[in-house]
Amino acid sequence: MIDFVGDEHDTGPPGRRKPTSTFLKNLRHDLPASVVVFLVAVPLSLGVAHAAGAPLLAGLVSAVVGGIVASLFGASALQVSGPSAALTIVIAETISTFGWAATCAITAGAGVVQILFGVCRVARAALVISPAIVHGLLAGIGLILVLGQLHVVLGGVAQSSTIANVLALPGRIVGHHDRAALIGVVTVGVLLVWTRMPPAVRRVPGPLAAVALATGLSVAAGMDLPRVDLPNGLPELGFVPEVPSGSWTAVIAAALSIALIASLESLLSAVAVDKLRDGPHTDLNRELIGQGLANAAAGSLGGFPVTGVVVRTMTNVEAGARTRMSTILHSVWIVGCCLFLVGVLRLIPLAALAGLLVYVGAKLVNLTNLREVRRHGDLLVYLATLLGAVAVNLLTGVAAGIVVALALMLRRMLFSGIRVEPDGPRTRVVIEGALTFLSVPRLTAALAEVPECSEVKLELFVDYLDHAGFDCLRGWQRAYERAGGTVIVDEIGHPWFGRGKAGVPTVRRGVASRVVPRWLAPWSQWQAEHLELPSQRGGSVPLCRGAAEFQRRTAPLLRSTWDGLANGQRPHTLFITCADARIVPNLITTSGPGDLFTVRNIGNLVPHADADADFSVGAAIEYAVGLLRVREVVVCGHSGCGAMKALLGDAPAGLTQLGSWLRHGEETLRRGEREGPVLLDGARPARESDRLALHNVVQQLENLRSYPVVDAALARGELRLTGMYFDVGEANVSLLDKTLRSFTSATTPVKS
């Protein structure tokens, strides 16, 4: 794949002048790439024109016009435009209805439509079409192409419709095959095995190799076969498209079909190129204008409709093209081929082109895309588009895909999961998704299964609750409680049914109180807010509610995490903090199970290693640093700390054990008296206890060094010490910057 570097690649307007040295540097890449694209484009252009029933020279004309006009006026520098297999079905129908000269006029009209699309800046709107519809449409085109051209490969002619091709194919397979069938099969066979050939051999493009080998075989064997019929020299410049006769509705429909399919393929190809290169993305509206100008020119000169072709574009990129010069040069080589190699082109058997189109059509039915569509749950959209395109026509297929996509979208948006589950002595009714009138019949049936006169917990995970759903729940709740039952409403998210018993829906989010996320439960604040409606909820012990909340909703999400920790712990941090209930270590550090080895005590104190006191803190330090090999020790203080207030003389009377413990904080008091202030975000905290809390963090970090296991780990460079401070009122975490003797916000880089 090409490696794009810097600004060497052409992403600006085509008229921008570049230094000669840059032009020559890029030309070294563009020249060989243009030859490769030319060798791919010639057989494909002839094959596409043959499959559509157009003059074979029309394919080469559109390849030349697409390479020059679309490249000069379009926005995608590396996109190669020309005749595309995606348009063969539409063009074949148009030719059979209006004739070739009128089809050229319709092609020019389609180009005008594309120009209008670009001027009106609707290119981005085309990308809202579901990828499943796009892939289904391309697969439908490929299937139609394969079914039609297989008849030609096997020595027959394509039938008038896809259904007729399917019905006639078994007879063609078992019937008599002439030498044309051999050439077609050889072409397909070469294409199939070419991708498995050594890289040196694959330098020759597969389509060129297949057609060349099949042609050489037919010439060497002296086979009398229908071959490419090209006039001498360039087409006459006097060609004038004819105004279509007949229904103008059919004419407009044909022009729109060509414009829409050509625009869609061109935009998808341009987006695909953008994904392979750095720099600004393609201006898709300008690209549509360039494609429209190319189609207007191609139709006026008797050419096939033009699109940006994914196969040739990818070939151009992989061959190493740098600028749009590669695309322009490939058109020059095609003109030279028409002038000087027309005799060689006339040797190509039509059966070889049919074999090439069978292979190209089969590639359009991309199994990778099909698997991707299935992963996203859009298989029905894909199949509806494919079947509509094959059974009726391409526009019908697109319409069918859009209808199914909208139906699936509505179903997903209005889906509600309803289930009734026994939960010990009571029953749980769980409702998820959007509860609308469409779900009321299922809701009524589910509620009828609830045992009478029992306790029911109604759990609502509802994104939207409409009038019908609200009335259904309200009526059932009132009737159930009148019959002697109890209903506890537990609503997660927006409180649609928060005042359901009163018959007052909470429709507007602005009037609802802000809901604390349930993943932070159990919180006393959450319990208080959600237990204030006794008519809607039953009371229970908060901690038990929290445990039930965890077991039911959190544990299933984290079970795999705990399963990996079942046989041992490997925390990365020893976290020493205060026992204050307002400090939640995992919350303020966004850490999870297995991350923190936590030590909590009053005042987040670290006694000296030789202190004659409780050894629990020292044991934890030795275990975490010496055995668990944590990489960091954090000492976290906080604002409003009761231990700091007690050290300053505000200790509660009669608590002897607390007084004994706080002796380990006396060093902090002495430090505060002899050292200058420790700042918090560049300022001294207003309260004296908070100023002492900052000194306390620094002092406990020094005390940590008195432990031999800590000192040894620091000497080896295997451990670092971090000071942290949590401002409870501001919910702000700050880290110690030792060089500045200050705590700064955790969002600011600090020096340890």
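Predicted model: local features only at pLDDT ≥ 70, side-chain atom pairs only at ≥ 80, totals over all residues.
Let's start with strands E4 and E5 (residues 455-465), which pair in the parallel sense over nine bridges; two strands pair if DSSP finds at least two bridges between them. Strands here are DSSP runs of E, at least two residues, and helices are runs of H or I, at least four residues, both numbered from the N terminus. To get from E4 to E5, the chain passes through helix H19 (residues 440-447), and this β-α-β crossover is right-handed. That term means that, with the strands pointing away from the viewer, the path from the first strand over the helix to the second runs clockwise.

Residues are numbered from 1 along each chain as its sequence is written, and side-chain values use heavy atoms, with hydrogens and water left out.

Now, what joins E4 to strand E3 (residues 416-423)? Eight bridges do, and the two run antiparallel. Ser-416 sits opposite Gly-433 in E4. Two residues lie between the strands of this hairpin, and Gly-424 takes a positive phi near 65°.

Is E4 mostly covered or uncovered? Covered: eight of its 10 residues are buried, meaning under 20% relative accessible area with a 1.4 Å probe, protein chains only.

Arg-671 counts as buried because its relative accessibility is 6%. Its C-alpha atom is 7.5 Å from that of Gln-699, 28 residues apart along the chain.

Notes. Buried < 20%, exposed > 50% of the residue type's maximum accessible area, 1.4 Å probe, protein only.
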